[in-house]
Amino acid sequence: LRHLLEDVSLITRLEDGSSNIEREPVVINELLDEIKEEFTCIPDEDRMNLIIEFEEKVVISGSPSLLGSIFRNLTENAISYSEGRTIHIALAENNPTYCKIVFEDDGIGVDEKNLPRLFERFYRVDKGRSRSKGGTGLGLAIVKHAIMFHGGSITAMNRPGGGLRFEVTLEKNI
């Protein structure tokens, strides 16, 4: 219940009071390295191999906690639902105004009819399995709102070989 209240509070702040959220320079590379380190505490049988490929430094004017929530939620979601073994995060494009980051897992993917609804509040692809994982049903909605706060967008698609691919675009200076 506490997690649900925290998630509802966060998403409400993003929708209603995002002008009160402070921005500062955030190095995405360092943020991803921190997240990778956090996930080493997961037991081996539940852990996925997290591969990060950023060939250059990426700095965004934004909220460190919101940017962290984007990649933490995507990673937690992949660990909980993908049934895969590898998460791959790569810098696809980097220019002075925006960056594009690709987040992929090698799991089972999602039925095509569910893809457009993944970012809706409380939407669950598999109602029974999701409840057993203990999520609030707000993780991907928070991801979407945090990305929108940073002037970006996110799309989800199935990978041809299995798993999901998220393409995240973030404005560097808003």
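Q: Why does Glu 104 count as buried?
A: In this predicted model, Glu 104 has a relative accessibility of 13%, and because buried means under 20%, Glu 104 counts as buried.

Q: What makes the pairing of Glu 104 with Arg 165 a salt bridge?
A: The closest N and O atoms of Glu 104 and Arg 165 are 2.7 Å apart, and a salt bridge requires a side-chain nitrogen of Lys or Arg within 4 Å of a carboxyl oxygen of Asp or Glu, so the pair qualifies as a salt bridge. The two residues belong to distant parts of the chain, 61 residues apart, with Glu 104 in strand S5 (residues 98–105) and Arg 165 in strand S7 (residues 164–171). Both are also members of a network of salt bridges that includes Lys 100, Arg 159 and Glu 167.

Q: Which label does Arg 165 receive, buried, partly exposed or exposed?
A: Arg 165 has a relative accessible area of 25%, and because the partly exposed class lies between the buried limit of 20% and the exposed limit of 50%, Arg 165 is called partly exposed.

Q: How do you know that Glu 38 and Arg 72 meet in a salt bridge?
A: Their side chains come to 2.6 Å, N to O, and because the limit is 4 Å, the pair counts as one of the six salt bridges that a search of the whole structure finds. This pair links distant parts of the chain, since Glu 38 is in helix H2 (residues 28–38) and Arg 72 is in helix H3 (residues 64–81), 34 residues apart. Glu 38, with a relative accessible area of 37%, is partly exposed, and Arg 72, at 22%, is partly exposed as well.

Q: Why are H2 and H3 called oblique to each other?
A: H2 and H3 pack at an angle of about 45 degrees, with their axes 10 Å apart; because angles under 35 degrees count as roughly parallel and 65 to 115 as roughly perpendicular, the two helices are oblique to each other. Their crossing is right-handed. The contact is made by residues including Ile 28, Leu 31 and Glu 38 of H2 and Leu 67, Phe 71 and Arg 72 of H3, and by class the contact has seven nonpolar, two polar and two charged residues.

Q: What makes H3 roughly antiparallel to H5?
A: H3 and helix H5 (residues 139–149) pack at an angle of about 150 degrees, with their axes 9 Å apart. Because angles over 145 degrees count as roughly antiparallel, H3 is roughly antiparallel to H5. The crossing of H3 and H5 is left-handed, and the contact involves, among others, Leu 66, Ile 70 and Asn 73 of H3 and Leu 140, Val 143 and Phe 149 of H5. The residues of this contact divide into nine nonpolar, four polar and no charged.

Q: Why is Asn 73 called buried?
A: Asn 73, which is found in helix H3, has a relative accessible area of 17%, and because the limit for buried is under 20%, Asn 73 is called buried. Leaving aside its neighbours within four places in sequence, Asn 73 is in contact with Gly 139, Ile 142 and Val 143.

Technical notes:
Residues numbered from 1 in each chain as written. Predicted model: local features only at pLDDT ≥ 70, side-chain atom pairs only at ≥ 80, totals over all residues. Heavy atoms only, no water. Helix = DSSP H or I, 4+ residues; strand = E, 2+ residues; numbered from the N terminus. Buried < 20%, exposed > 50% of the residue type's maximum accessible area, 1.4 Å probe, protein only. Axes fitted to C-alpha atoms, helices over the stretch in contact; angles between N-to-C directions. Left-handed = near helix turned anticlockwise from the far one by under 90°. Contact = heavy atoms within 4.5 Å. Nonpolar A, V, L, I, M, F, W, Y, C, P; charged D, E, K, R; others polar.
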